Amino acid sequence: MRWMFRRLAGRCLSLGLVLGLIACCHRDEVKPGPTAAAGPTKPSFTIFALAEVRGQIGPCGCTSDPLGDISRTAQLVADAEKAGGPVFVVDAGSLLYSQSPVPAHLVAQEDLKADLLASIYKKQLAVTAVGLGPADIAMGATKVRFPRVESNVTGEYPTKPALIATAADQKIGVFGVIAEDAFVVPISDPVAAGKKAVKDLRERGAQVVVALLQASTKKEAITLAKSIGGIDLAIAGLGQNAPEPDAIEIEPTRLDNGWLVIPGNRGQIVSRIDVYERAGATSPLVDAIGPAAATAKIAQLDKELAARDAELARFAADKSADQAFVAAKQKERADVAAQRAQLVKQPLVVPAAGSYFTLDQVRISKGLACSITAQDEVTAFYAAAGAANVKAAEGKAPEPAAKGKPSYVGSASCGDCHDAAEKYWTKTVHAQAWKTLVDRGQQFDYDCIGCHVTGWQQPGGSNLAHNDTLRDVQCETCHGPASIHVAKGGQEKPLAIVLDPPENLCAGQCHTHEHSDTFQHDAYLRDIVGPGHGEKRRAKLGDGPTGASLRKAALDKAGKSLGANCTR
């Protein structure tokens with residue numbers, strides 16, 4: 001489509017309007033249509049699809065809306081099975097490990113976590129098929145835990161061919177294929193292998209063919225799926241390019257006669273595909289949208305309408321605006337409003353003939369119920385991994401500070417001279433950092449401990465087995481190691497500590513977006529400075545939001561309560 005813009009007198013189009021115009025031409029624009037046709041009253045079967053889990057069994061609990069938890073995913077699948085329809089679970093690969101290669105200090109923890117995931121996938125999710133991805137090969141071919149459904153892997157990794165999964169009278173064909181240059185693993189021609197797998201599955205009676213793709217980009221996945229052909233549903237893992245939740249696509253991408261779906265990474269968003277089969281249907285599956293996708297799209301359209309309304313209000317105040325151009329923009333706004341109204345009226349758009357499906361990109365959030373069995377396995381893993389980590393770290397003292405350089409002494413030493421500051425610190429959340437891990441049983445989890453102790457892996461600081469006096473986020477986290485300062489009674493020239501920590505210290509260490517989604521420097525600083533500890537700095541900051549208020553607002557929006565049977 002070629003866009004034509006008229007120049008407003010003396011003005012340029014704002015970025016917001018340009019983005020709005022681009023959004024208006026979305027490929028799956030919903031247009032007013034007839035009343036929905038009659039279709040099956042419930043799905044013929046349901047597919048849950050994952051990809052790029054990368055060893056995540058549960059999210060960091062520090063964010064306001066933590067996503068991705070294997071016990072909640074297990075319960076989601078169990079609930080669908082209880083509803084009565086056949087359920088198939090597939091994973092496009094990159095399941096087992098969080099890092100590749102696995103660092104030496106993480107080997108025990110990662111090994112136990114991979115065992116846990118393999119166990120839950122087999123015993124509770126009863127997974128139909130799992131592909132091979134880059135996060136599966138971090139510890140070699142003997143550590144992929146079980147054969148992967150792959151059609152073009154030629155090396156030593158254990159694989160099995162395309163398969164037919166049967167439930168009730170449904171036959172689902174599944175195969176996996178890895179694109180060229182997706183990651184370093186020996187493969188044959190992916191297109192030839194894929195074509196052969198599709199032909200085999202159709203000849204064996206597969207009603208729907210599902211492809212588990214590994215590619216480096218979405219574009220590459222689309223090209224591969226189209227080149228193979230005959231695929232009804234393609235599930236793609238994209239390695240490090242797998243989307244974060246905010247970038248997830250709520251609608252499937254159209255292939256020639258099929259559809260591409262991309263789940264969220266680290267198990268944060270699981271794709272639920274409900275398929276409605278009509279007897280004798282031979283035409284390609286149709287995307288019927290459905291209530292979940294319609295709700296998500298309505299939310300997107302609401303944002304677009306708000307942006308267009310704001311832009312039109314500015315045009316109304318601009319006497320020099322080209323009125324014909326403004327009228328065109330008003331019509332575009334009306335078209336978007338019509339799309340929204342149609343989705344509200346008819347969220348499920350059932351085709352007059354043929355089979356169809358709906359896609360729900362399910363956020364695995366804390367409000368979902370937990371599988372007690374899976375949660376108990378996770379709890380046992382934390383205990384076992386912690387014990388293994390401590391044992392492996394025994395006798396390995398932190399690297400000592402270099403001669404003439406300070407080491408870490410702990411806040412108890414600081415309190416000898418800075419009693420008021422220490423007392424103020426004890427009332428802050430920093431003083432409870434270690435307890436939050438103990439409450440979750442993760443105090444010896446390498447994924448967490450570094451931000452809950454002081455001087456982590458620093459010369460003269462703490463490590464996993466040596467941190468008794470450095471637990472919590474203490475004075476030296478911000479002011480630096482203080483042994484010289486303490487030894488000289490604060491009389492050293494120049495001072496051996498940092499009085500005014502740099503602004504990027506917090507965000508650069510622990511308050512990253514992934515672990516602290518509401519972080520704003522000045523707001524959070526208001527919570528940790530005050531009487532006896534930076535009182536002048538607190539006065540200079542003045543009134544304004546605090547970290548506590550920002551977090552409360554985010555928690556209120558996300559919901560504070562945990563799902564049924566959940567302990568974390």
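A charge is taken to sit over a ring if NZ of Lys or CZ of Arg is within 6 Å of the ring centre and within 35 degrees of the ring normal. By that criterion Lys 329 lies over the face of Phe 325, at 5.0 Å from the ring centre, and Arg 148 lies over the face of Phe 146, at 4.4 Å from the ring centre. The model is predicted, with local features requiring pLDDT of at least 70 and side-chain atom pairs counted only at pLDDT 80 or more, while totals for chains, interfaces and linings use all residues. Residues are numbered from 1 along each chain as its sequence is written, and side-chain values use heavy atoms, leaving out hydrogens and water.

**Sheet**
- An open sheet of mixed pairing is formed by six strands in the order β3-β2-β1-β12-β14-β13 (strands are DSSP runs of E with at least two residues, numbered from the N terminus, and two of them pair if DSSP finds at least two bridges between them).
- Its edge strands, β3 (129–130) and β13 (286–287), each pair on one side only.
- Strands β1 (residues 45–50) and β2 (residues 87–91) run parallel and are joined by five bridges, with Phe 48 standing opposite Val 89 in β2.

**Aromatic pairs**
- The structure holds eight aromatic pairs (rings of Phe, Tyr and Trp, the last by its six-membered ring, with centres within 6.5 Å; planes under 30 degrees apart count as stacked, over 60 as edge-to-face and the rest as tilted).
- The rings of Trp 259 and Phe 357 have centres 5.5 Å apart and planes at 65 degrees, so this pair is edge-to-face.
- That pair links distant parts of the chain, since Trp 259 belongs to strand β11 (residues 259–261) and Phe 357 to strand β14 (residues 356–363), 98 residues apart.

Conventions:
Helices (H or I, at least four residues) and strands (E, at least two) are DSSP runs, numbered from the N terminus.
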